[in-house]
Amino acid sequence: MNTSAVKKFKVVSDRLKKEQRQLTAVATNIHLQAMSSEKIRNDIVSVITEVFGVSKSEIQGRSRKRPIVYARHAYCLLSHSLDPESTLVKTGQSIGRDHATILNSIKKCNNLRETDMRFSAMFQVCLDKL
């Protein structure tokens with residue numbers, strides 16, 4: 001690998017470690033407050049609709065437009081990570097999808113966080129607001 005690729009990998013790696021620490025801190029805070037799953041999901045949806053500029057019905061809908069799909073991916077990862085009582089099935093039921101779709105969405109979100117700087121920045125804004 002050339003030096004610029006190594007530097008880029010290190011930047012991405014450091015950013016992902018920071019995001020993981022933030023996710024853990026938010027999840028711990030939510031757990032300590034003993035918030036209900038429904039309230040957690042509603043908070044996540046409200047933050048995502050604000051940051052990504054989509055509506056709740058679009059997140060739950062069938063649209064394949066990129067901004068909506070990206071918002072849906074972010075919702076799946078945040079909902080599954082931050083809700084202590086969450087399962088893939090429960091996360092899927094909240095937006096009308098099955099567990100396999102949620103698992104795929106989480107993988108896509110993690111990949112986007114590594115490769116798409118704009119998505120990563122928007123995801124970071126969501127974490128900061130939560």
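Predicted model: local features only at pLDDT ≥ 70, side-chain atom pairs only at ≥ 80, totals over all residues.

Student: How do you know that the span of helix 4 agrees with its number of residues?

Tutor: Helix 4 covers residues 66–82, which is 17 residues. The expected span is 1.5 Å times one less than the number of residues. That gives 24 Å, and the end C-alpha atoms are 24 Å apart, so the two agree.

Student: What makes helix 4 largely enclosed by the rest of the structure?

Tutor: Burial. Of its 17 residues, 13 are buried, so helix 4 is largely enclosed.

Student: Why is Arg-72 counted as buried?

Tutor: Arg-72 lies in helix 4. Its relative accessibility is 9%. Buried means under 20%, so Arg-72 counts as buried.

Student: Which residues does Arg-72 touch, leaving out those up to four places away in sequence?

Tutor: Glu-58, Ile-59, Gly-61, Arg-62, Ser-63, Ile-95, Arg-97 and Ser-105.

Student: How many aromatic pairs does the structure hold?

Tutor: There are 3.

Student: Why is the pair of Phe-52 and Phe-119 called tilted?

Tutor: The ring centres are 5.9 Å apart, and pairing needs them within 6.5 Å. The planes stand at 50 degrees. Under 30 would be stacked and over 60 edge-to-face, so this pair is tilted.

Student: What makes this pair a tie between separate parts of the chain?

Tutor: Phe-52 lies in helix 2 (residues 37–52) and Phe-119 in helix 7 (residues 117–129). The pair therefore ties together parts 67 residues apart in sequence. Phe-52 and Phe-119 are both buried.

Student: Why is the pair of Tyr-70 and Phe-119 called edge-to-face?

Tutor: Its planes are 75 degrees apart, with 5.4 Å centre to centre.

Student: Which residues form the aromatic cluster?

Tutor: Phe-52, Tyr-70, Phe-119 and Phe-123 form one cluster.

Student: What lines the largest pocket?

Tutor: The pocket holds about 220 Å³ of space. Its lining has 14 residues, and Val-69, Arg-72, His-73, Asn-104 and Ser-105 lie nearest the centre. Helix 4 and helix 6 (99–115) are the elements that give two or more residues. By type, the lining divides into 6 nonpolar, 4 polar and 4 charged residues.

Terms used. Residues numbered from 1 in each chain as written. Heavy atoms only, no water. Helix = DSSP H or I, 4+ residues; strand = E, 2+ residues; numbered from the N terminus. Buried < 20%, exposed > 50% of the residue type's maximum accessible area, 1.4 Å probe, protein only. Phe/Tyr/Trp six-rings, centres within 6.5 Å; stacked < 30°, edge-to-face > 60°. 1 Å grid on protein atoms, 1.4 Å probe; cavity = no way out; pocket = protein on both sides within 12 Å on 5 of 7 lines; lining within 4 Å. Points joined across faces, edges and corners; volume = space filled by probe spheres on them. Nonpolar A, V, L, I, M, F, W, Y, C, P; charged D, E, K, R; others polar. Contact = heavy atoms within 4.5 Å.
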